[in-house]
Amino acid sequence: LELTGAEKEERLHFDAVYALLVEARNQHGFTRAESEDLKGHFDAFCDEDGEMPNLQMYDLLRYIGHESSLDEVKELLDQVDYNHNGTMDRREYLRLMRLQKEANLTGYRNAWCSSKMRCGRKAFQVVHTALHARLNKHPEILGRLLASTTRAEITRAAGDFDSFAQLAEHLRRQIPLES
């Protein structure tokens, strides 16, 4: 709402709601910071025309910490390469990243719920089990990162899915830096 200038109004007028929807669409459902971060990664991998060969998407996803298989990346590419030219522009890339984020959130939700059912109220065990279920390709790195996580962060993540998803995304982004 602050992007539209309507955060202090009690009632939203049509123009403010429309401006909010346009801004959300322009950001592809990401926060401004997330969008800028993603655009920076894309710019580092694209050519001077602002295009990136679809085959490089696998490398880019791994670079930013996504552990998608080649088949999963191909499936995502089929959904977003609208003009079927074998390259991605920034808009197609942001759409792909939105689909990747939705897949991650679904996976996080499933892992978190399953872990809650198995581990009950033991906060660290809930978070540890759920994170290892989703980010299991680097258990030693994840273990080090979890050891540096505060008890308060673990307790919040065990009790609230949104906190868990934020922690999981933070740790996922750290894994490529540690490996």
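Is R90 buried, exposed or partly exposed? R90 is partly exposed, with a relative accessible area of 33%, where buried means under 20% relative accessible area, exposed over 50%, and partly exposed in between (1.4 Å probe, protein chains only). The views below come from a predicted model, in which local features need pLDDT of at least 70 and side-chain atom pairs count only at pLDDT 80 or more, while totals for chains, interfaces and linings use all residues. Residues are numbered from 1 along each chain as its sequence is written, and side-chain values use heavy atoms, with hydrogens and water left out.

**View 1. The chain as a whole.** The chain has nine helices and two strands, these being DSSP runs numbered from the N terminus (helices H or I, at least four residues; strands E, at least two). Along the sequence they follow the pattern α-α-β-α-α-β-α-α-α-α-α. Of the 179 residues in the chain, 39% are buried, and the accessible surface comes to about 11000 Å², with 50% of it belonging to carbon and sulfur atoms; accessible areas come from the Shrake-Rupley method with a 1.4 Å probe, and for residues only the protein chains shown count as cover. Among contacts (heavy atoms within 4.5 Å) between residues at least 6 apart in sequence, 60% join residues at least 24 apart.

**View 2. The salt bridge between D43 and R90.** The closest N and O atoms of D43 and R90 are 2.7 Å apart, and the two residues form a salt bridge, defined as a side-chain nitrogen of Lys or Arg within 4 Å of a carboxyl oxygen of Asp or Glu. This pair links distant parts of the chain, since D43 belongs to helix α2 (residues 32–45) and R90 to helix α5, 47 residues apart. D43 is partly exposed, at a relative accessible area of 39%. The structure holds five salt bridges.

View 3. E169 is buried, with a relative accessible area of 14%, whereas R173 is partly exposed, at 37%. E169, R172 and R173 are linked in a network of salt bridges.

**View 4. The largest nonpolar core.** This core has 24 residues, of which Y108, V127, L131, L135, L146, F164 and L171 touch the most other members; a nonpolar core is a set of buried Ala, Val, Leu, Ile, Met, Phe, Trp, Tyr and Cys residues joined through side-chain atoms within 4.5 Å. Two or more residues come from each of α5 (90–119), α6 (123–134), α7 (139–147), α8 (151–159) and α9 (161–178), and α9 gives the largest share, seven residues. Apart from its neighbours within four places in sequence, V127 is in contact with L146, I154, A157, A158, F164 and L167. A second, separate core of 20 residues includes I64, V73, L76 and Y93.

View 5. Y18 lies in helix α1 (residues 14–26), and counts as exposed because its relative accessibility is 52%.
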